[in-house]
Amino acid sequence: MDVVLQRLRLGRDGRSQLLTGLRGVGKTVMLNEFEQLADGRGYFHEHIEVTEEGDLAPRLAAAFRRVLLSMEARRRIGERIRRALGVLKAFSISLPDGPELSIDVATVFGPADSGDLATDLAGLFVEIGEVARDHDTGVLITIDELHYVNVQTLEALVMGLHRASQLRLPITVAGAGLPTLAALTGEAKSYAERMFVFPVIGSLPDSEAREALVVPAADEKVRWQDDALDAVLRETQGYPYFLQEFGKQAWDAAEDPVVITAGDVERSIPVATAELDDGFFRVRTGRTSDPERAYLRAMAELGPGPVRSGEVAAMLNRRTTALGPTRDGLIRKALCYSPRWGEIDFTVPLFGDFMKRWIPDLSRLL
Ligand SMILES: Nc1ncnc2c1ncn2[C@@H]1O[C@H](COP(=O)(O)OP(=O)(O)OP(=O)(O)O)[C@@H](O)[C@H]1O
Ligand SMILES: [Mg+2]
C-alpha cells in the first residue's frame, strides 16, 4: 500500500486494496495501518464506516468536506478550496436525502450534481484530486464495512474513482468488508480490477499466530511455554480476535508472573469462551428472529464449513424455497454469506460452536 501511495503522488498508477474476510480477522486494523502510511506520505485521509443502511454517498460527502477543510486549515489554499467546497455543496444538495452538510460557500453547479451517482462521484474525485495534485499532496479515503453498500452504489464508486485514476490524480480509496461484498460486473468489474487488488484476510498462519502472543508478552518480560501456545492455537484456530481474547485470559490467569503454562490456558478457557459468547458472538444475534436462530442452529449441526441450503431446510423439515426469506435475511444482516451457489456459511469464525453452546438441543426448535 505504501508503494501505491508513493506512486500516486508521483502521477503514476498503482493498485489500492479492497480487503475481504470474516469478522475479527484484522481488516479494520489494516485500514488503520493504511492511514498511518498515508500520513507518512503526506496525504490527507479520512475514514468512513458504512452502516447497515448502506449510506455511502452522504458519508463520502462528509469525508471530503473534512478533507477540504483540513487542507485549507493546514495549507491556506483559499479560492481553489472554496470552489471545491462549492462543487461538494452542489453534490450534497443533489443527493436524494437533500442537503446534509452546511457549507458556507457559493454552490458551484455543474461538475457533480447531475443526479447520476457515478458521474457525480467522478466529478468530485477529479475536483478534489486536482486540488491535491496542485498542492503537492494526496487524498486517501478508507471505507470500512463496505459489504453494506449495494452493487449499484459500489459500481458508481468504482466508475467515479476510475475517472480520477485515468487522469493520474493522487486520490484513492481503500476498502474492507465481509465476503458478502457485492460482486461487481461488466465495466465496473474490469475497472475495479485495474485499480484494486483484492486480498482475502483469514486466520493467521501458525508462526504469525504464535508471534502475536509471544511478542507482546516478551515486551513485558513474560514467556509463553510451548504447550501453552499449542493450546491457544488449537482453541482459536489462529483467528486474530480469538487470539487476543484467549491470550489475555491465559495471561490474567497465570500463576507465575513471568511464565504462562498450558495449565493456565486450560483454566482460562471457560473465561475466554464466556467473554466471547457475551460480547463478540452475542451482539451478532441481537436482532435475529426465531426462524433465523433455528436456521443458524441447523447450520451449526451440519458444519463446520459451508453447508448446502437444501440440507439446512431438510434438517428443519422444511422446503428450501420456504426458508428462502430466512436465509436472505441472514445474508442481509451479514451474519451469513453464500460462498458458492446453493451454499451458505457463517461470516463469524467459529460461530457454529457458539450456536451449539447457546442452544444445545436442536430438536427443541423443531
Ligand atoms: N495481525 C494481527 N495480529 C494479532 N492480532 C490482530 C491482528 N489483526 C487483528 N488483530 C486483533 O483482532 C481484533 C479484530 O481486528 P479487526 O477489528 O481489525 O477485525 P475486522 O476484520 O475489522 O472485523 P469486523 O469484520 O468484525 O469489523 C483486533 O482487536 C486486533 O486486536
Ligand atoms: Mg472491522
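## The shell around ligand 1

In this predicted model, 15 residues surround ligand 1. The closest are Gly24, Lys27, Thr28, Val29 and Gln244. A residue is near a molecule if one of its heavy atoms lies within 4 Å of it. By class, the shell has 7 nonpolar, 4 polar and 4 charged residues. Here Ala, Val, Leu, Ile, Met, Phe, Trp, Tyr, Cys and Pro count as nonpolar, Asp, Glu, Lys and Arg as charged, and the others, Gly among them, as polar.

Which helices supply at least two residues each of this shell? They are α2 (27-40) and α10 (240-253). Helices (H or I, at least four residues) and strands (E, at least two) are DSSP runs, numbered from the N terminus. Domain 1 (2-201) and domain 2 (206-284) both give residues to the shell, so ligand 1 lies between them. The domain bounds come from an automatic or database domain assignment.

## Polar contacts and cover

A polar contact is a pair of N or O atoms within 3.5 Å. A polar backbone atom of Gly24 is 2.7 Å from an oxygen atom of ligand 1. For a backbone N or O atom of Val25, the distance to a ligand oxygen is 3.2 Å. Gln244 uses its side chain: a polar atom there lies 2.9 Å from an oxygen atom of ligand 1. On its own, ligand 1 has 640 Å² of accessible area, and the protein covers 72% of that. Accessible areas come from the Shrake-Rupley method with a 1.4 Å probe.

## The cavity

On a 1 Å grid over the protein atoms alone, a cavity is a set of points where a 1.4 Å probe fits but cannot get out. The whole structure has 1 cavity of 30 Å³ or more. About 40 Å³ of space lies in the largest cavity. A volume is the space filled by probe spheres set on the grid points, which are joined across faces, edges and corners.

Leu18, Leu146, Leu154, Leu157, Val158, Leu161 and Phe196 line the largest cavity. Lining residues have an atom within 4 Å of a point. Helix α6 (residues 151-166) gives the largest share, 4 residues. The lining has 7 nonpolar, no polar and no charged residues.

## The pocket

A pocket is an open set of points with protein on both sides within 12 Å along at least five of seven lines. The largest pocket has a volume of about 390 Å³. Its lining has 19 residues; Thr20, Pro179, Leu181, Ala182 and Phe198 lie nearest the centre. β1 (16-21), α7 (186-195) and β6 (200-201) each give two or more lining residues.

## Notes

Residues are numbered from 1 along each chain as its sequence is written, while chains are lettered from A and ligands numbered from 1 in the order in which they are written. Local features need pLDDT of at least 70, side-chain atom pairs count only at pLDDT 80 or more, and totals for chains, interfaces and linings use all residues; side-chain values use heavy atoms, with hydrogens and water left out.

Conventions:
Polar contact = N/O pair within 3.5 Å; in protein donor to acceptor, adjacent residues only side chain to side chain.
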